[in-house]
Amino acid sequence: MNENKNTQKPINKLSLKPFYLRDLAVYICTAIIVLLLFVFFVFPKNNQPAKQGFIVSVNGKTAVTVNFNLTTPISVANDFNQLVKVENVDNGFMVTIYTSTSKDGFNEIYFNTVEKTAKVTESNCSPRKDCVHTPSINTVSGTIICAPRTLKISPVGFNGDGTIVVG
């Protein structure tokens with residue numbers, strides 16, 4: 001009767017495989033999918049022009065356009081002439097956008113023409129000032145939003161005729 005207790009077959013360690021062929025196929029398919037997604041989302045499409053500037057919009061309306069390919073890269077929309085002040089500073093421009101003609105609310109945005117970046121440097125929008133603490137964005141990606149001022153800074157591209165290509 002004691003013979004039944006120890007009748008288990010010994011395990012042959014050579015027959016154990018770290019993975020099966022089906023597992024290997026799943027790993028390879030997963031790696032290919034990850035690689036394709038990386039290539040698709042990281043590298044720009046050839047039919048889209050490179051982004052060369054920024055658009056600053058307030059309440060959904062374009063207030064300032066920055067095109068680093070132009071000799072005068074900053075242009076202010078007619079509706080915002082009284083609300084926008086542009087100053088030349090080291091390696092770029094400081095643009096101040098006021099919320100009203102009384103100039104009590106403002107956002108200061110620094111556009112670096114050498115590094116092609118944008119950064120909100122000062123604002124009196126709220127105690128937290130999230131837009132000021134947002135890091136600089138470049139023409140490749142990123143967006144800065146000031147919710148209390150409904151201000152948005154986005155990178156954009158331009159066609160040869162100067163028209164804006166968003167996306």
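## Aromatic pairs, core and cysteines

In this predicted model, the count of aromatic pairs comes to two. In one of them, the ring centres of Phe54 and Phe68 lie 6.0 Å apart with the planes at 90°, so this pair is edge-to-face. It brings together distant parts of the chain: Phe54 sits in strand 1 (residues 51-58), while Phe68 belongs to the loop between strand 2 (61-67) and strand 3 (74-76), 14 residues apart. Both Phe54 and Phe68 are buried.

Phe54 also forms an aromatic pair with Phe111, and this one is tilted, with 5.9 Å from centre to centre and 40° between the planes. Because Phe54 is in strand 1 and Phe111 is in strand 6 (residues 106-112), the pair ties together parts that are 57 residues apart in sequence. Phe111 is buried, as is Phe54. Taken together, Phe54, Phe68 and Phe111 make up one aromatic cluster.

| Pair | Centre to centre | Angle between planes | Geometry |
|---|---|---|---|
| Phe54 and Phe68 | 6.0 Å | 90° | edge-to-face |
| Phe54 and Phe111 | 5.9 Å | 40° | tilted |

In soluble globular proteins, nonpolar side chains tend to be buried together. Here the largest nonpolar core has 26 residues, and Val64, Ile97, Phe111 and Ile153 are those with the most contacts inside it. Several elements each supply at least two residues of this core, among them strand 1, strand 5 (92-98), strand 7 (117-123), helix 2 (130-133) and strand 10 (151-158). Which residues does Val64 touch, leaving aside those up to four places away in sequence? Its partners are Phe54, Ile55, Val56, Ile74, Ser75, Val84, Val95 and Ile97.

Next comes Ala77, which is found in the loop between strand 3 and strand 4 (84-89). With a relative accessibility of 23%, Ala77 counts as partly exposed. Not counting residues up to four places away in sequence, Ala77 touches Thr62 and Ala63.

Finally, the cysteines. How many disulfides does the structure hold? The number is zero. Cys125 is in no disulfide, and the nearest cysteine sulfur, belonging to Cys146, is 3.6 Å away. The cut-off for a disulfide is sulfur atoms within 2.5 Å. Cys125 counts as buried at 14% relative accessibility, whereas Cys29 is partly exposed, with a relative accessible area of 47%.

Technical notes
Residues numbered from 1 in each chain as written. Predicted model: local features only at pLDDT ≥ 70, side-chain atom pairs only at ≥ 80, totals over all residues. Heavy atoms only, no water. Phe/Tyr/Trp six-rings, centres within 6.5 Å; stacked < 30°, edge-to-face > 60°. Helix = DSSP H or I, 4+ residues; strand = E, 2+ residues; numbered from the N terminus. Buried < 20%, exposed > 50% of the residue type's maximum accessible area, 1.4 Å probe, protein only. Core = buried A, V, L, I, M, F, W, Y, C linked by side-chain atoms within 4.5 Å. Contact = heavy atoms within 4.5 Å.
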